Amino acid sequence: MTSEHAHHKAPTNWECFIYKLLDVEVIQTTKESSKLSNTFELLIVKSGKARLTIDQESFLLFKEEVCIIHPSQVYSLKAKNKPFEFLVITFDCFIDMNDGNRPFVRLQDKKSDRFPLKGRYALSDTSSVMELGKRLFHMRESDGNIDLFQQRILFEKLLHVIIHHIKKSAPKDTLKAMEKSRLYMEHHFQENMSIEHLASRIDVSPKYFSSLFKKEFGISVTEYVTRLRINKAKSLLVKDIKIRDVANEVGYNDEYYLSRKFKQLVGMSPSAYRERRTKKIAAYDFFSVGHLLALNIYPFAAPIHPKWTSYYFHHYRKDIPIHLSAFQVNKDWQANIALLEKHSPDVILAKDNITQGEKAYLDTIAPVIYYPQSVNWRKQFQLIAVVLGEEEEAQTWLKHYDEKVAYTRQQLKNTQGGGTIMPLRFHRGALYYDNSRTIEDVLYGDLHISLCPCEKSFKRNDPINIEDIIHLNPDSILLNVCQETKTLESWESLKQSSLWHDIRAVRNHSIHFISSDPWREYSASAHDRVLNEVLAILG
């Protein structure tokens, strides 16, 4: 629910809610990976702007705006142009049920919608909101009862100020108007939209509109509309619809123009895309998804989830008709196999180290390509390509990948100067040495980055304590913090400890946060994305 919708609701009885303040933190970032929220989170923008994605909705978040995330929502942030700074306040909310047996109930999961503030709000007065937020932040380390009581009062005052300063109609803001233009384009891309028409909607010149759109979104207006149309065409091509009708449906006058644009963007003609989609290839795990996408094959079925497979969810969910469960590793395998059995794929691609029980069921559904985990990802990729008749596609992809490796290696040579890196994973209060196969093959194999010399003492996934890290003294640390409640709580405690700040890389701000997606996915596509992230955080 955005602020535009909030004002059409009946007045809220705010007295029925009580709150438990959990944490207050100031964050400055360029990117926050997808996170599953377990509590309510209030985001108050201090400076900059960022693209905020909540579940499947994406929008720009500006200064003078706040956003309230509900429990069980998945969200991520990506800054625009420069670092994004915001205050995040996490809290639990309880409602008075007027029931002697259950006087107060914690709002979570579907019950969280009883709390009327949800989504993004523009405020007419952010100075008082920010001031109250800062006061809460400075009180966060207090542990006396009177201070906790004062914090709760201050937090309720903060909510009161937000409620009474939500703008019913925001004044003209060009950047926000650009965001509305983008959303308008997403819903009307099949129409004959001219830049003149789009510019007139926000009362700016066509030249200024084009320039500002490219600056904000990194792509021209024409390219953006083309991308929207081609994405829609891809979803229509898997259906029994003539190509000329697909062209008309997405806003092109004839199929030849669609074919030309489609080939420019996708790398193949609409008919070739349809033919490739005719064979229904199911990816049983997300490693398999990564190999297939590098071959320009969109799986018929694959594990898809906004948190666990964030990248595939946001980029390919519309291209993959059947969504298997991606919760943990093969936790819901019986349900996934039942779904595959129902939709009858032609071929299933799976790693060879799944259980014999899974193999026995899969083999009854369709021919299964089991690719070996005992060989490296390049060999896996090439073996899959041979079985699917895509050897040429694989060789082309690997050629481009190796060119990218050479470029990245040169950039790192110019900036890193041979510094050592230690990969770590933090889970439920413990640190682990995280030299995954991806890190080993891409960082140390392809890019020749120096591994911190601790392989003699620690093997992959071994626990490691802070004293050992201080002794080994890496120049930089790659840290994967597991995004679940208990881990995040213990992570907050670790950050406050003096021992943590005795690590040289921590003092030098050389801690680089990475996520399991793509750093723990051993596939061609994932490793290409790892190269992108290495350039962003180290180059």
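The legends below describe close-up views of a predicted model.

**View 1. An open sheet of four strands, joined by antiparallel pairing.** The strands follow one another in the order E2-E7-E4-E5, and the edges of the sheet are formed by strand E2 (31-36) and strand E5 (57-61), each of which pairs on one side only. On average, neighbouring strands of this sheet are turned by 15° against each other, direction ignored. Within the sheet, strand E4 (residues 50-54) and strand E7 (residues 74-79) are linked in the antiparallel sense by five bridges, and Arg51 has Lys78 in E7 as its bridge partner.

View 2. Strand E16 (residues 420-427) is mostly covered, with seven of its eight residues buried. Strands of a sheet pair through backbone hydrogen bonds, either parallel or antiparallel. Ile421 takes part in both pairings, standing opposite Leu451 in E18 and having Ser476 as its bridge partner in E19.

**View 3. The hairpin of E16 and E17.** As for side chains around aromatic rings, the charged end of Arg425 sits over the ring of Tyr432, at 4.9 Å from the ring centre.

**View 4. Aromatic rings and a charge placed over a ring.** The whole structure holds 29 aromatic pairs; in the pair of Trp491 and Trp500, the ring centres are 5.5 Å apart and the planes stand at 85°, so this pair is edge-to-face. Both Trp491 and Trp500 are buried. Elsewhere, one aromatic cluster is formed by Trp14, Phe17, Tyr19, Phe40, Phe91, Phe115 and Phe155. The charged end of Arg317 sits over the ring of Phe313, 4.7 Å from the centre of that ring.

**View 5. The packing of helix H17 against helix H22.** Helix H17 (residues 437-446) and helix H22 (residues 524-538) pack at an angle of about 60°, and their axes are 11 Å apart. The crossing in which H17 passes H22 is right-handed. From H17, the residues Thr438, Val442 and Leu443 meet His527, Val530, Leu531 and Val534 of H22.

Conventions
Residues numbered from 1 in each chain as written. Predicted model: local features only at pLDDT ≥ 70, side-chain atom pairs only at ≥ 80, totals over all residues. Heavy atoms only, no water. Pairing = 2+ DSSP bridges. Helix = DSSP H or I, 4+ residues; strand = E, 2+ residues; numbered from the N terminus. Axes fitted to C-alpha atoms, helices over the stretch in contact; angles between N-to-C directions. Phe/Tyr/Trp six-rings, centres within 6.5 Å; stacked < 30°, edge-to-face > 60°. Buried < 20%, exposed > 50% of the residue type's maximum accessible area, 1.4 Å probe, protein only. Lys NZ or Arg CZ within 6 Å of the ring centre and 35° of its normal. Left-handed = near helix turned anticlockwise from the far one by under 90°. Contact = heavy atoms within 4.5 Å.
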